[in-house]
Amino acid sequence: MIEVRDLIIENNDGIILDIQKLNIDKQDFVCIMGKSGAGKSTLLNVIFGLIEPNKGYINVGCCDMGYSTQDASFVPYLSVLEHILVSIKEERRKIYAQKILSRFGIENKLSEYYSNLSGGQKRICSLANAIARGEKLLLLDEPFNDLDNLKIKELVSILNEINSKGTTIVMTTHHIIDNLNITNNYNIVNGKLV
Ligand SMILES: Nc1ncnc2c1ncn2[C@@H]1O[C@H](COP(=O)(O)OP(=O)(O)O)[C@@H](O)[C@H]1O
Ligand SMILES: [Mg+2]
């Protein structure tokens with residue numbers, strides 16, 4: 001589903017990502033770990049198409065992607081429901097987004113402005129949107145940030161479930177999380193996969 005070859009990403013300071021080879025297959029559940037500044041978010045941004053490679057190439061064999069970014073940012077003056085309505089086109093996926101919110105116990109926040117949500121609620125809103133959009137490929141940058149232990153448990157169960165039904169997941173985290181059905185673990189050190 002995702003093929004990376006001889007990929008180089010540079011900024012003004014030099015090379016920040018240098019990946020010779022990475023293959024991610026359909027239904028893989030990939031976990032990318034590494035220290036802050038290692039290049040984890042940059043890799044997800046490249047997969048999502050927000051950053052163009054300076055050298056090499058990346059081929060993503062699907063366009064049905066959902067992305068929950070590290071800062072879980074959205075438009076402050078739209079409500080949770082309005083985000084779902086704007087960002088998701090298919091009716092059944094909208095219903096699915098609302099189901100996910102209710103599994104996290106925040107279905108009563110649907111009419112709340114995004115700026116009035118707590119950090120954890122913003123994270124859940126971002127995850128619900130991404131999960132509903134990314135039926136084929138789900139990109140999650142630090143999805144466990146801002147969540148308490150119960151919500152982490154719920155997220156683990158949701159991710160295992162959707163992966164078992166065929167969604168490919170590429171996730172970064174610096175948390176050690178139990179019970180995730182990860183198929184491939186990678187570490188990034190100074191922009192290189194090890
Ligand atoms: N928008 C940006 N412009 C230029 N450099 C960036 C930008 N975002 C991140 N970087 C740099 O890219 C490197 C990798 O950052 P990042 O991918 O965010 O790491 P991680 O997610 O592993 O903490 C860091 O050195 C960081 O300073
Ligand atoms: Mg990051």
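**Exercise 1. Judge the overall fold.**
Find what share of contacts between residues at least 6 apart in sequence join residues at least 24 apart, then describe the build of the protein.

*Solution.* 
Step 1. Take the contacts in the protein between residues at least 6 apart in sequence: 74% of them join residues at least 24 apart. Note that this is a predicted model.
Step 2. List the elements. The protein has five helices and nine strands. From the N terminus on, their order is β-β-β-α-β-β-α-α-α-β-α-β-β-β.
Step 3. Check the radius of gyration. The value is 16 Å, close to the 16 Å from the globule rule for 194 residues, so the protein is as compact as a globular protein of that length.
Step 4. The C-alpha trace spans about 45 × 35 × 30 Å along its principal axes.
Step 5. Of the 194 residues, 34% count as buried.

**Exercise 2. Trace the pairing of β8.**
Which strands pair with β8, and in which sense?

*Solution.* 
Step 1. Start with β3 (residues 29-33). This strand pairs with β8 (residues 184-189) in the parallel sense, over four bridges. Met-33 stands opposite Asn-187 in β8.
Step 2. Go on to β9 (residues 192-193). β9 and β8 pair in the antiparallel sense over two bridges. Here Ile-188 has Leu-193 in β9 as its bridge partner.
Step 3. Inspect the turn. The hairpin of β8 and β9 has two residues between the strands, and Asn-190 takes a positive phi near 45 degrees.

**Exercise 3. Describe the shell around ligand 1.**
Which residues lie around ligand 1, and which helix gives the most to the shell?

*Solution.* 
Step 1. Name the residues. They are Asn-11, Ile-16, Gly-34, Ser-36, Gly-37, Ala-38, Gly-39, Lys-40, Ser-41 and Thr-42.
Step 2. Assign the main contributor. Helix α1 (residues 40-48) gives the most, with three residues.
Step 3. Sort by class. The shell has seven polar, two nonpolar and one charged residues.

Note on methods:
Residues numbered from 1 in each chain as written. Chains lettered and ligands numbered in written order. Predicted model: local features only at pLDDT ≥ 70, side-chain atom pairs only at ≥ 80, totals over all residues. Near = placed C-beta within 6 Å. Nonpolar A, V, L, I, M, F, W, Y, C, P; charged D, E, K, R; others polar. Pairing = 2+ DSSP bridges. Rg over C-alpha atoms; globule rule 2.2 N^0.38 Å. Buried ≥ 20, exposed ≤ 12 C-beta atoms within 10 Å, placed from the backbone. Contact = placed C-beta atoms within 7 Å.
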